[in-house]
Amino acid sequence: MLDSLINNTPLLIGGGVVILCVFLFLLWLLRFRSHTRVKLEHLRQENRTLGKDLQKANKQILELRSISVGLGQSFSEQQDIVRLLAERISELEQEDRDGRLYSRASKMVKLGADIDELIEECELPKAEAELMLSLQKKLAGQEAIPPLEQAPSSGKGTSKAAPKRSSRRSVR
């Protein structure tokens with residue numbers, strides 16, 4: 001038996017080595033499987049975190065969309081307001097041109113301009129130029145202001161006189 005054991009020694013050693021290799025392979029396989037499970041759990045956790053981040057980002061995108069729509073509407077309203085203000089400014093500039101003409105005419109009258117100069121330079125109708133000259137003379141005291149006359153009564157005998165105005169001008 002010893003003889004057969006010695007003759008089978010290489011076979012026994014080879015069988016032991018094979019068993020040891022199989023055991024080491026199984027041990028490595030168990031470690032690899034455990035390591036893979038840890039990695040898989042880590043990836044699942046990361047996937048959940050990324051999913052939550054994606055949901056947050058989608059909510060923020062929706063909020064930004066609604067804000068941009070609101071800003072677009074506000075911008076459109078502001079454009080309408082600016083357009084209306086531009087039209088109003090244009091109207092006021094047109095009205096102001098007329099005011100500047102009368103202001104210029106008043107200055108010219110104070111400087112001694114005559115009717116023809118007012119008509120030519122300020123493009124005023126003759127009646128308005130005469131009125132400006134008359135008013136300026138009355139304000140300067142060169143011409144007397146006539147008293148207010150009573151309107152003729154309608155025959156009943158009751159007429160109301162207009163209140164007298166003072167010759168002093170009130171400043172507001």
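I started with Asp116, which is exposed at a relative accessible area of 55% (buried is under 20%, exposed over 50%, partly exposed in between, with a 1.4 Å probe and protein chains only). This is a predicted model, where local features need pLDDT of at least 70 and side-chain atom pairs count only at pLDDT 80 or more, while totals for chains, interfaces and linings use all residues. Residues are numbered from 1 along each chain as its sequence is written, and side-chain values use heavy atoms, leaving out hydrogens and water.

Next I looked up where Asp116 belongs: helix α3, residues 115-122 (helices are DSSP runs of H or I, at least four residues, numbered from the N terminus). I also found Asp116 in a negative surface patch with Asp114, Glu117 and Glu120. Patch members have over 30% relative accessible area and no salt bridge, with like charges joined within 9 Å and nonpolar side chains within 5 Å; a salt bridge is a side-chain nitrogen of Lys or Arg within 4 Å of a carboxyl oxygen of Asp or Glu.

Then I went to Lys126, in helix α4, residues 126-140. I have Lys126 down as exposed, at 52% relative accessible area. Lys126 touches Ile115 and Ile119, leaving aside residues up to four places away in sequence (contact is heavy atoms within 4.5 Å). For Lys126 and Ile115 I noted 11 residues apart in sequence and 7.3 Å in space, C-alpha to C-alpha.

Last, I checked Leu26 in helix α2, residues 9-110. Leu26 is partly exposed, at 45% relative accessible area. I found Leu26 in a nonpolar surface patch of about 690 Å², along with Val18, Val22, Phe25, Trp28, Leu29 and Phe32.

Terms used: Areas by Shrake-Rupley, 256 points an atom, 1.4 Å probe, with all protein chains shown as cover. Lys, Arg positive; Asp, Glu negative; His and termini not counted. Charge placed at Lys NZ, Arg CZ, Asp CG, Glu CD. Helix = DSSP H or I, 4+ residues; strand = E, 2+ residues; numbered from the N terminus.
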